[in-house]
Amino acid sequence: MPGTNATDWQIPQLWVPFSVTFNEETLAMTDSIQAWVMTTGLYRSAERAALSALAGASGTAYTMPAATGDCAMTLARYMSWGFHADDIYDAGGESDEKLVGMIRHTTQLIDILENPELGKADDDGYFRAWADIARGLHRLLSPRGFSQMSNAIRVTKFGWLQQASLARQGALPTFAGFMPYRYASGAGNIVACMIDLSVRDSVPHSVIELDRCRQLSELAIILSLLDNELLSRNKEVAGGEWDTGLIHVLMNEFPQLSVHDATDTAIALRDRLMTAFVTLRERLLEDEMPGERIYVDALTHYIAGVVKWTSTSVRYTLGRTPALRAQPDHAVWEPPLPPWFSRWECLAS
C-alpha cells in the first residue's frame, strides 16, 4: 500500500477525565538513550537515533511517570526499540518471504530474551539492542515477573505476525474479534507488565494480582489502544501501512459508514468504555487496600499520558500541528455490541 502525504490532519478531542503528569528525570534520559541507540547500531543515522530516543524517553515519562532509575531507563530503551520493531513488522506483509523471515526473526528474539548472552557482538543493531533490554529485564524482574513478561512478549510477537499476515492478505479482523487481535498486536500484555514494573516498589504484588486490579488494568490498556489508533492515523496514512484499526474494521463490516461516521462511532464506543472505567475505578477506591490508590493512579496516568503523548509526539504527528475535529451534535450510530465491549458495561452496572 503506497504512502501518501498526510495533510490537514484532524484529531478527535477525546474525553479524558484525568490529569496529565510526566517524569522530568525520565525525559532527561533522552541524550543517554540516543547514545545507546547509536552504540548498539539500532539506528546509525543521528537524526533517526534522536527521534527514536525522544519517542522512548517521552513515551515512558508521560505514560509511566512512576518509573524511576534503572526501571525507567530499561522501559524507555524498550519503547525506543519497540517502535522500531513495530515499523519492521508493519512491512512484514509485503511478501510471503518476509512473513517466513519474521517467524525466524521472532524465534531469535525469544531465544535472546531467555538467554541474553546468545546475543552476539556481530549481530545487527536490532538484536544487540534487544539483548541489552533483555539483560535489564532479567535484572529488574523476579522469576515470576520475568515469566509473565516473557509470556507477554511471546503473545505480542505473534500478534505482530498476525497483523503482517492480514496485511499480506489484504484482510481485516472481524468487529467481534477485533479487541483480542488488537490487544495482542498492540502489545497490551507487555504494557500491563510494564505498568506493574513501574510501581513494583510501592505496590504489593498481591494487590496487583487482585481480580479487580487486573480488570481495571485491562480496560485502561484497551482505552489506550483505541486512543492511539484514533490519534495516530497521520502516521499510518503517510507510511502506507495496512490499516487494521477499529475505524477500518467498522467501515468494512458496516459499509453504510463513511470514514467520518466510523470515526464518530469508534469515539462513541470509546467514550462508553471510559464511562465504565471511571465507574470501576471509583468502586475499587471505595474499598481501598494499601497500594491500590497508587496502582489506580498509575493506570489513570497511563490513559492520560497516551492521549497527551500520542497527540504531540513527532512519531505520530510527523512534525505537523494537528487540528481538533469537532464532535458531532447528533446521536451517533452504534453497532450491536460484541462481548469484548459489553462485558465492561456489565461489570460496571
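Visitor: Where does Ala-187 lie?

Guide: Ala-187 sits in the loop between helix H8 (178–185) and H9. Bear in mind that this is a predicted model.

Visitor: What is the phi of Ala-187?

Guide: Near 65°. That is a positive value in a residue other than glycine.

Visitor: Is Ala-187 buried or exposed?

Guide: Ala-187 counts as buried because its relative accessible area is 13%, and the cut-off for buried is under 20%.

Visitor: Which other residue has a positive phi although it is not a glycine?

Guide: Leu-318 is one, with a phi of about 55°. Leu-318 is in the loop between H16 and strand E2 (323–325).

Visitor: And how accessible is Leu-318?

Guide: Its relative accessibility is 41%. Leu-318 therefore counts as partly exposed.

Visitor: Back to H9. How many of its residues are buried?

Guide: Ten of the eleven. H9 is mostly covered. The buried residues include Gly-188, Ile-190, Cys-193, Asp-196 and Ser-198.

Visitor: Tell me about Ser-198. What does it touch?

Guide: Leaving out residues up to four places away in sequence, Ser-198 touches Met-64, Ala-66, Ala-67 and Cys-71. Ser-198 belongs to helix H9. It counts as buried, at 10% relative accessibility.

Visitor: What about Leu-140? Which helix is it in?

Guide: Leu-140 is in helix H6 (residues 125–140). It is buried, at 8% relative accessibility.

Visitor: Which residues does Leu-140 touch?

Guide: Asp-70, Cys-71, Thr-74, Leu-197 and Arg-200, with residues up to four places away in sequence not counted. Cys-71 is also on the list for Ser-198.

Visitor: How far apart are Leu-140 and Gly-82?

Guide: They are 58 residues apart in sequence. In space, C-alpha to C-alpha, they are 18 Å apart.

Visitor: What lines the largest cavity?

Guide: Leu-75, Tyr-78, Leu-137, Met-149, Ile-190 and Met-194. H4 and helix H9 (188–198) each supply at least two of the lining residues.

Visitor: Which helices supply the lining of the second largest pocket?

Guide: Helix H3 (46–63), helix H4 (69–90) and helix H16 (314–317) each supply at least two residues. H3 provides the largest share, seven residues.

Visitor: And how do the residues of that lining divide?

Guide: Ten are nonpolar, six polar and four charged.

Visitor: What about the largest nonpolar core? Which residues touch the most other members?

Guide: Ile-33, Trp-81, Trp-130, Leu-273 and Phe-277, out of 111 residues. Helix H14 (residues 259–286) gives the most to this core, with twelve residues. As background, nonpolar side chains tend to be buried together in soluble globular proteins.

Visitor: What does Trp-81 touch?

Guide: Leu-42, Leu-109, Tyr-126, Ala-129, Trp-130, Ile-133 and Lys-157. Residues up to four places away in sequence are not counted there.

Visitor: One more residue. Where is Asp-297?

Guide: Asp-297 is in helix H15 (residues 292–310). It is partly exposed, with a relative accessible area of 26%. Asp-297 and Gly-59 are 238 residues apart in sequence and 17 Å apart in space, C-alpha to C-alpha.

Visitor: Last thing. What pLDDT does the protein chain average?

Guide: It averages 91, and 96% of the residues score at least 70.

Visitor: Which element has the lowest mean pLDDT?

Guide: Helix H12 (residues 233–239), with a mean of 76. Helix H1 (residues 24–27) has the highest, at 98. Where pLDDT is low, the predicted coordinates should not be read in detail.

Conventions: Residues are numbered from 1 along each chain as its sequence is written. This is a predicted model: local features need pLDDT of at least 70, side-chain atom pairs count only at pLDDT 80 or more; totals for chains, interfaces and linings use all residues. Side-chain values use heavy atoms; hydrogens and water are left out. Helices (H or I, at least four residues) and strands (E, at least two) are DSSP runs, numbered from the N terminus. Ala, Val, Leu, Ile, Met, Phe, Trp, Tyr, Cys and Pro count as nonpolar, Asp, Glu, Lys and Arg as charged, and the others, Gly among them, as polar. On a 1 Å grid over the protein atoms alone, a cavity is a set of points where a 1.4 Å probe fits but cannot get out, and a pocket is an open set with protein on both sides within 12 Å along at least five of seven lines; lining residues have an atom within 4 Å of a point. pLDDT is the predictor's confidence in each residue, from 0 to 100. Buried means under 20% relative accessible area, exposed over 50%, partly exposed in between (1.4 Å probe, protein chains only). Contact means heavy atoms within 4.5 Å. A nonpolar core is a set of buried Ala, Val, Leu, Ile, Met, Phe, Trp, Tyr and Cys residues joined through side-chain atoms within 4.5 Å.
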